Amino acid sequence: MKQIITEKFNNTYIITISFISALGGYLFGFDFAVISGALPFLRPEFQLTAWWEGFLTGSLALGCIAGCLIAGELADRYGRKPGLMFAALIFAVSSLGMALSHGLTIFVMMRFAAGIGVGMASMLSPMYIAEISPAKVRGRNVAINQLTIVIGILVTNLVNYTLADKGVEAWRWMFGMGVIPAGLFFLGVLWLPESPRWLLKAGKEMQARKVLNKIGGPAFVENTFSEIQVSLQGMSKQSYKAVFAKSVRPAVIVGVILAVFQQLCGINVVFNYTSTIFESVGANLDRQLFETVSIGFVNLLFTVVAMWQVDKLGRRPLMLIGSLGLSILYIILALLLQYQATASLVSVFVLLAIAMYATSLAPVTWVLISEIFPNKIRGVASSVAIVSLWGAYFILVFTFPILAKKLGTYGPFYLYAGICLLGFLFIKNKVYETKGKTLEELEQNLITH
């Protein structure tokens, strides 16, 4: 049964709970960005080689993989809300652990632990938002998660820039500040309702109706209730084996490839190794950290543009524009780095690449991952896709210092340009539009095709 176009929704409530859930994205943004400002201090502190620099940076991703695997089981067994609370607690403890570390091994272990919290939140926050949002605003609401990620990146870069002149121990304060957003996130999640789709799946019909009544009117409640029940008929506990069943395999393959592409497209080396890139064209430490702030501002601005367009222009056009645009910009950036252009000119094309990514691959990939999997396996399928994403992120950030040492800082960007071109061709041939459809309608289309 299709949703009635004239239905009224409690938009204030929907946006409020979406923002609170999306604070998990802020934690992601914090730990993602803090390393960029801290690396110039960590290199002499721990005597980092290129290998250890890559491993230290990428250890977050290894933790994220573990977090996703934990979150998939936790979300399906106990609900989305307990998983989000656990993620916040892990993040708070690990932030303090990194700040107080006095050896490389302990620091890497704590960064791995932080990754567990980030990985759980990176899976559960967009899943939760997709499950509580009406179809007509789902893309915008899931993109709120990306908005909080980029706010986290920007605020963290500003804090790093402010703390940079506080001496050689400044990095401890950079990491320790993570306790503040983790605490706020935990308190916010206490107030959130459980996902109505999970409640119905768990047989808690009265609680599910209560949540749906807060979101929309009677027609919305009845339509959504019946659609969810139909999608859950004959459902039993799903294992990871179910993700590879023939009926859902096409959606899973698309989800996994999009997740891997979002990372191997290469933009995250710009976020994580800003100092390395600008040092290669002669920028001093102050200029390097200033560039991280500029990147944060542009990232935020164009994420807002993406939120405005994702439910209007659609998912597919944004992904196509982003992948092809990045391919072209990377070639230009590689040439500028290769021939030692000025830091100001390099900055222009770095910021253009950030703008292109923030408008397309960054938010839209998360939206698609939250949409394309059937209700019965959404938890485990999302887990598989996001584990793949974090695995790709580890490969990217681990290999960049090694490749940059062997090929020059510019060399890897030619590789990323080729990957983006391949991504463009995949999206053009395999990714279909999902805007405006309920999760249950998307599931029916999957079965039909």
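Is C68 buried or exposed? C68 is buried, at a relative accessible area of 0%. Buried here means under 20% relative accessible area, exposed means over 50%, and partly exposed lies in between (1.4 Å probe, protein chains only). The structure is a predicted model, in which local features need pLDDT of at least 70, side-chain atom pairs count only at pLDDT 80 or more, and totals for chains, interfaces and linings use all residues. Residues are numbered from 1 along each chain as its sequence is written, and side-chain values use heavy atoms, with hydrogens and water left out.

The cysteines were examined for bonding. A disulfide is a covalent bond between the sulfur atoms of two cysteines. The criterion was a pair of cysteine sulfur atoms within 2.5 Å. The search of the whole structure gave 0 disulfides. For C68, the closest cysteine sulfur is that of C64, at 6.6 Å, which is too far for a bond. For C64, the closest cysteine sulfur is in turn that of C68. C64 is also buried, with a relative accessible area of 0%.

Helix packing was considered next. Helices (H or I, at least four residues) and strands (E, at least two) are DSSP runs, numbered from the N terminus. Axes are lines fitted to C-alpha atoms, for helices over the stretch in contact, and angles run from 0 to 180 degrees between N-to-C directions. Helix α4 (residues 104-132) packs on helix α5 (residues 135-163) at about 155°, with the axes 9 Å apart. The two helices are therefore roughly antiparallel. Angles under 35 degrees count as roughly parallel, over 145 as roughly antiparallel, 65 to 115 as roughly perpendicular and the rest as oblique. S125, P126, I129 and A130 of α4 meet R138, N141, V142 and N145 of α5. Contact means heavy atoms within 4.5 Å. These residues comprise 4 nonpolar, 3 polar and 1 charged. Ala, Val, Leu, Ile, Met, Phe, Trp, Tyr, Cys and Pro count as nonpolar, Asp, Glu, Lys and Arg as charged, and the others, Gly among them, as polar.

A second pair involves helix α16 (residues 343-359) and helix α17 (residues 361-371), whose axes come within 4 Å and cross at roughly 20°. This angle makes α16 roughly parallel to α17. Y357, A358 and T359 of α16 touch L361, A362, P363 and V364 of α17. The contact has 6 nonpolar residues, 1 polar residue and no charged residue.

A114 lies in helix α4. Its relative accessible area is 0%, so A114 is buried. Beyond residues up to four places away in sequence, A114 touches D31, L60, F91, S94 and M98. The C-alpha atoms of A114 and T409 are 28 Å apart, and the two residues are separated by 295 residues along the chain. T274 belongs to helix α13 (residues 274-279). T274 is buried at 2% relative accessibility. Its contacts, leaving aside neighbours within four places in sequence, are S36, V269, Q288, E291, T292 and I295.

Backbone angles were also inspected. Most residues other than glycine have a negative phi. Q47 has a positive phi, near 50°. Q47 sits in the loop between α1 (11-46) and α2 (50-78). At 63% relative accessibility, Q47 is exposed. Q340 also has a positive phi, near 55°. The loop between α15 (315-338) and α16 holds Q340.
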